[in-house]
Amino acid sequence: MINEQFVIVGAVLNFIGGISYLIDTLKGKVKPNKVTWFLWALAPLIAFAAEIKQGVGIQALMTFTVGFNPLLIFIASFVNKKSQWKLTSLDYICGVLSILGIILWLATDVGDVAILFSICADALAAVPTIIKAYNEPKTESYMPFLGGMLAAGLTLLTITQWNIAHSAFPLYIFIINIFMVVLIMFEPGKHLKNTA
């Protein structure tokens, strides 16, 4: 394992990736899905609170930045009208299911359960943006996802106590961000459509 101070390096990288997306949002270069980005803020911030309650140390910083960046992007999505993405019924269904996950966390008030429900809520919130990145990769930027992947990877390398509280959310964030980077950078949806 590497020194836990590397979590700070990861948090800075994640923040830089988020700031680049924030700037692209303000310029209208990317079109964030408001439902996804709101819930991507809410679920990690709840997971962060649960991790703090469970005694997770500096590794919780990664979870905080994973929630703070989307909060800034969600707010910025209201500033530039060019950055708006048309919401569909799928967006709202995923949003409702994601909020249900958050309600289940509040009902249980058990730290590990809260983290698992936050992961489920975050994953459901991701569905509309995953579909959008698959179909319209040019409306997204890989930078915040690359930053999130690096932050989660560094955080995972600092973990000495492998349990749900310490590792579940960083592991999920690492996997989902790899997936998003691949969808946006390599545009498999575009290539598969061209071969069909």
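Modeller: In this predicted model, the largest pocket has a volume of about 160 Å³. Its lining consists of Asn-33, Trp-85, Lys-86, Thr-88, Leu-90, Asp-91, Pro-128, Ile-131, Lys-132, Asn-135 and Glu-136. Two elements, α4 (89-108) and α5 (111-135), each give two or more residues to this lining. The largest share, four residues, is provided by α5. Sorted by class, the lining comprises four nonpolar, three polar and four charged residues.

The two helices that contribute in this way also pack against each other. The axes of α4 and α5 are 8 Å apart, and the angle between them is about 175°. Because angles over 145 degrees count as roughly antiparallel, α4 is described as roughly antiparallel to α5.

On the side of α4, the contact is formed by Leu-90, Asp-91, Cys-94, Leu-97, Ser-98, Gly-101, Ile-102, Leu-104, Trp-105 and Thr-108. On the side of α5, Val-113, Ala-114, Phe-117, Ala-121, Asp-122, Leu-124, Ala-125, Val-127, Pro-128 and Ile-131 take part. By class, the residues of this contact divide into 15 nonpolar, three polar and two charged.

Some residues belong to both descriptions. Leu-90 and Asp-91 of α4 take part in the contact and also line the largest pocket. Likewise, Pro-128 and Ile-131 of α5 belong to the contact as well as to the pocket lining.

Methods: Residues are numbered from 1 along each chain as its sequence is written. This is a predicted model: local features need pLDDT of at least 70, side-chain atom pairs count only at pLDDT 80 or more; totals for chains, interfaces and linings use all residues. Side-chain values use heavy atoms; hydrogens and water are left out. On a 1 Å grid over the protein atoms alone, a cavity is a set of points where a 1.4 Å probe fits but cannot get out, and a pocket is an open set with protein on both sides within 12 Å along at least five of seven lines; lining residues have an atom within 4 Å of a point. Grid points are joined across faces, edges and corners, and a volume is the space filled by probe spheres set on the points. Ala, Val, Leu, Ile, Met, Phe, Trp, Tyr, Cys and Pro count as nonpolar, Asp, Glu, Lys and Arg as charged, and the others, Gly among them, as polar. Axes are lines fitted to C-alpha atoms, for helices over the stretch in contact, and angles run from 0 to 180 degrees between N-to-C directions. Angles under 35 degrees count as roughly parallel, over 145 as roughly antiparallel, 65 to 115 as roughly perpendicular and the rest as oblique. Contact means heavy atoms within 4.5 Å.
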